[in-house]
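Take a first look at the chain below. Then follow the text from the overall fold to the charged side chains.

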Amino acid sequence: MLSCSSVDMFKAKILFIGPSESGKTALANFLSGTTENVGGEYRPTQGVRILEFESQPEGSGESMACEVELWDCSGEFKFESCWPALMKDSSGVVIIFNPDVPSHLKEIETWHSMFIASQSLQENQCLLIAHHKPGSGVEEGRLPLASHLSRLPLIHSNLEEEPEDVRRAFWRYLGNVINTMSESREREEMSIIT
């Protein structure tokens, strides 16, 4: 069981990455409780947006709260030179893609290679979100993912029909990230003691 005083609060840095126009900003706004317009015309994120909020993720212990930084990263490759700085000290990575766009299924392999494989993140620090945009008629079925991607947890997101399911799934993921951070901290402390 984890415990956390306000002085010892975990700070989780979660990167939202993926192809352009996949819904990263809409999901980041929804999950952080930001009250910007969800609809409206598409405006690509320039570089990165950082949204901060406090959370008590599922499965992270009764009294465990954490500060969350959601880094809503641009899906444009012209910002690739900034990626190492974005990755520094990240606790988890969420790859968001639109399953209605066939090229996204191939492009997320590049995102995986650049952000997950290069940092040697554990599978429970990663999440794939197949974000279904309003009006899309795609069924939530099995997606043709590469084998290394199919090992990662995958959720289907539909903010029009099942917003609370998306929120709960994200809190569970966040709980896994916090537990991994806690275990890592405990290992570090034990190595100092011994």
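**From fold to charges**

Of the 194 residues in the protein, 46% are buried. The model is a predicted one. Its surface exposes about 10200 Å². Carbon and sulfur atoms supply 49% of that area.

Now the fold. The protein has five helices and six strands. Along the sequence they follow the pattern β-α-β-β-α-β-α-β-α-β-α.

Next come the charged pairs. The count of salt bridges comes to nine. One of them pairs lysine 11 with glutamate 69. Their closest N and O atoms are 3.5 Å apart. This pair links distant parts of the chain. Lysine 11 sits in strand S1 (residues 10-17), and glutamate 69 sits in strand S3 (residues 66-73). The two are 58 residues apart. Their surroundings can be compared with the cut-offs: buried means under 20% relative accessible area, and exposed means over 50%. Glutamate 69 has 14% relative accessibility, so it counts as buried. Lysine 11 has a relative accessible area of 43%, so it is partly exposed. Salt bridges with shared partners also join Lys11, Glu67 and Glu69 into one network.

Lysine 106 and glutamate 109 both lie in helix H3 (residues 102-116). They are three residues apart, about one turn of the helix. They form a salt bridge, with the closest N and O atoms 3.6 Å apart. Lysine 106 is exposed, because its relative accessible area is 58%. Glutamate 109 is at 23%, so it counts as partly exposed.

Arginine 151 forms a salt bridge with glutamate 123, and the closest N and O atoms are 3.6 Å apart. Arginine 151 is in the loop between helix H4 (147-150) and strand S6 (154-157). Glutamate 123 is in the loop between H3 and strand S5 (126-131). This pair, too, links distant parts of the chain, 28 residues apart. Glutamate 123 is partly exposed, because its relative accessibility is 41%.

Finally, turn to charges gathered on the surface. Which residues form the patch of negative charge? They are Glu183, Glu186, Glu188 and Glu189. Glutamate 189 belongs to helix H5 (residues 163-193). Its relative accessible area is 42%, so glutamate 189 is partly exposed.

Methods
Residues are numbered from 1 along each chain as its sequence is written. This is a predicted model: local features need pLDDT of at least 70, side-chain atom pairs count only at pLDDT 80 or more; totals for chains, interfaces and linings use all residues. Side-chain values use heavy atoms; hydrogens and water are left out. Helices (H or I, at least four residues) and strands (E, at least two) are DSSP runs, numbered from the N terminus. Buried means under 20% relative accessible area, exposed over 50%, partly exposed in between (1.4 Å probe, protein chains only). Accessible areas come from the Shrake-Rupley method with a 1.4 Å probe; for residues, only the protein chains shown count as cover. Patches are made of residues with over 30% relative accessible area and no salt bridge: like charges are joined within 9 Å, nonpolar side chains (Val, Leu, Ile, Met, Phe, Trp, Tyr) within 5 Å. A salt bridge is a side-chain nitrogen of Lys or Arg within 4 Å of a carboxyl oxygen of Asp or Glu. Lys and Arg count as positive and Asp and Glu as negative; His and the chain ends are not counted. The place of a charge is taken as NZ of Lys, CZ of Arg, CG of Asp or CD of Glu.
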